[in-house]
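User: I am new to this structure and would be grateful for a close look at one helix pairing and its surroundings.

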Amino acid sequence: MTSYKYLIIGGGIAGVTAAETIRTKDTTGSIGLISDEPYVLYSRVMLSKPNFFLGKVPFDQIYLKGKEWYETNHIDFLGGKKATNLDTAKKIVTLTDGSQLGYEKLLLATGVDARRSTIPGADKKNVHCLRTLEDGMKIMANLKTATHAITVGGGFISFEMADLMRMANMETTLLLRESYFWEPMLDKKSGDMIEKALVKGGVKVLKNSEAASINGGECVESVTLKDGTTLPCELIIFGIGVVGTTDWLKRDGIEVKRGIVANEFLETSAPDVWTAGDVAEYNDLVLGEHVIMGNWVNGREQGRVAALNMAGDKRPFKFVSFYTTQGFGTTIAFVGDASPGPDRQIIERGSPEANSFGRILIVGKEIIGATLINRTSEMTVISRLIDQNIDVSGKVQELGDAKFDLKSLLK
Amino acid sequence: MANTREYIRTKAGSKIAKIVIDRDLCIGAASCIAVSAATYELDDENKVIVNGPDATDDDTLVMSAESCPTKAIFLYDKDGKQIYPK
């Protein structure tokens, strides 16, 4: 049985950054990196960007590391392999092909999967979700022939895919189960701004709508909605959220809730097992609660910090997460914890009429998060205000003044 | 390169003399900001701008460019030679 000093499960940005970081601290310790995809590290965020799909960016630009990088750094890349069992007492991981790998220190950076539709006909060809490079390549091929497209969901995948579909001159319909875009992460005012931009960009937005069945032969030809309407469609993308990849761990005593539970050092409940990235439900020192932050920047930072801890450099993960997207001439940013809750005080900056609208979320005396529509320039300063735990209790009026310079509140 | 912005770096002892941002490639993922908030910020078009070209050391600057998921940050030395992406 092969054994590694450091075994990493997950070949995405969290896992690869971890391998890279370990190598800077330990030049000789063996590193194994298991990925269920056959590809070297690629840019998962670029997968949803129109410039990539439409060939404006060369395809190979998606790869962030070459095979030689893994070789030069003596990282065994075990691509196209999936872990099915973990024995934390014996420190052994079993793969789908039955082979076993031993470890001294293990990182679980398995990410999440796209939630798939289960309605009748959802298994037809040209019914897509977007998570892997394989998914992206299937959509790219489909784009060449489709003329009617549907995107399902009220989040960033659906938003960016609608942008792509319009750039490819397709008749585009966006199906939204909710009553406004990005409900409930955004408020109605922000959601309406996004809807307005979508409609202006030529997208037909159907709110309170759900697909009931997908029709056609081998390939999708139309979609019937719950209200009985049937829409022609040769391409449909579901952007309806994510599901965990933790079922295989539940037998083994690793604490799993929505994600793999970890403390601020990204240590799981099992000895010598860490977690990082979209799958980690970690103790966030800035927000003071256990959260999952599924985005690229967070995955990268957690991969780095988990690796430092694995290599013996005990260091807590403390980072204000952020995420942005853009399309239809509109930019959207989420900073920190922007999720809704009864304890949040919300201060609005700017207005939908001015096409520049932000919301600052406060708990107690401190900012915990923000959402920004066409105000991404305030993202950095807000993340610093959160990070520095600035007391803003006496500044509510200023925060609500769109022209007030937030930088003046920094220490 | 089409839609680029150049920022001159004059930090003493630095091997990097110029930072270039390709605004067509930049998608506002902001990973560079996570590495060096003193160097970069976003504008309202969700593109990165360099507000502190001299604010950090060479290693951190290279790390920030390497962190970009679309390779939109280019670094040049004093002779105009591209240092990153290699």
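Analyst: Helices (H or I, at least four residues) are DSSP runs, numbered from the N terminus. Axes are lines fitted to C-alpha atoms, for helices over the stretch in contact, and angles run from 0 to 180 degrees between N-to-C directions. This is a predicted model, in which local features need pLDDT of at least 70 and side-chain atom pairs count only at pLDDT 80 or more, while totals for chains, interfaces and linings use all residues. Residues are numbered from 1 along each chain as its sequence is written.

In chain A, the axes of helix 1 (residues 13-25) and helix 7 (residues 296-310) come within 7 Å, crossing at roughly 35°. Contributors to the contact (C-beta atoms, placed from the backbone, within 7 Å) include A:A14, A:A18 and A:I22 of helix 1 and A:G299, A:G303 and A:A307 of helix 7. By class, nine nonpolar, six polar and three charged residues make up this contact of helix 1 of chain A with helix 7 of chain A; Ala, Val, Leu, Ile, Met, Phe, Trp, Tyr, Cys and Pro count as nonpolar, Asp, Glu, Lys and Arg as charged, and the others, Gly among them, as polar.

A:A18 also belongs to the largest nonpolar core, of 140 residues, where it is among those with the most contacts, together with A:I8, A:L107, A:I236 and A:I367. Such a core is a set of buried Ala, Val, Leu, Ile, Met, Phe, Trp, Tyr and Cys residues joined through C-beta atoms within 7 Å, buried meaning 20 or more other C-beta atoms within 10 Å of a residue's own. Helix 7 of chain A gives the most to this core, with seven residues. Leaving aside residues up to four places away in sequence, A:I8 touches A:A18 and A:L107, among others.

Note on methods. Chains are lettered from A and ligands numbered from 1 in the order in which they are written. Helices (H or I, at least four residues) and strands (E, at least two) are DSSP runs, numbered from the N terminus. Two residues are in contact if their C-beta atoms, placed from the backbone, lie within 7 Å. A residue is buried if 20 or more other C-beta atoms lie within 10 Å of its own, exposed if 12 or fewer, and partly exposed in between; C-beta atoms are placed from the backbone.
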